[in-house]
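Student: I am new to this structure and would like a close look at a single part of it. Please take the salt bridges and what surrounds them.

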Amino acid sequence: MSGAVYNAFRMLYTANPKNPSALFETKDGLSEALTDGRMQLARAKSRVMLLGEKVSDDEAVKKDDLPQLSGEMLSAEYPDWAPSLFALIENTENEHKEN
């Protein structure tokens, strides 16, 4: 998630040429591709581990170790955070419908 926030902020920040470029070290033409690549690799590793396979030094996730989740459980366990998650899910699902 930090990569997505980084990319979004950098896009906004660099859109105004008056903002000092010294905030970022990675070249503008490379940063988005590097960040996207790292995010894709992290997602791929997560998928493989969730399928029960080890990736490099990271252990596989056992099916019995996976949490059982529901909206009710998330609301009860995380009353401050669950509404934000549900709003994010709803907004994203609505955007999917528009495309």
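Tutor: A search of the whole structure finds 2 salt bridges, a salt bridge being a side-chain nitrogen of Lys or Arg within 4 Å of a carboxyl oxygen of Asp or Glu. This is a predicted model, in which local features need pLDDT of at least 70 and side-chain atom pairs count only at pLDDT 80 or more, while totals for chains, interfaces and linings use all residues. Residues are numbered from 1 along each chain as its sequence is written, and side-chain values use heavy atoms, leaving out hydrogens and water.

One of the salt bridges joins Arg10 to Asp28, with the closest N and O atoms 3.7 Å apart. This pair links distant parts of the chain, 18 residues apart: Arg10 belongs to helix α1 and Asp28 to helix α2 (residues 28-50). Helices here are DSSP runs of H or I, at least four residues long, numbered from the N terminus. Arg10 counts as buried, at 6% relative accessibility, whereas Asp28 counts as exposed, at 52%. Buried means under 20% relative accessible area and exposed over 50%, with partly exposed in between (1.4 Å probe, protein chains only).

In the other salt bridge, the side chains of Glu59 and Lys54 meet at 3.7 Å, N to O. Both Glu59 and Lys54 are exposed.

Helix α1 (residues 2-15) also holds Asn7, which is buried, with a relative accessible area of 12%. Leaving aside residues up to four places away in sequence, Asn7 touches Ser31, Glu32, Thr35, Asp36 and Met39, where contact means heavy atoms within 4.5 Å.

Definitions and conventions: Helices (H or I, at least four residues) and strands (E, at least two) are DSSP runs, numbered from the N terminus.
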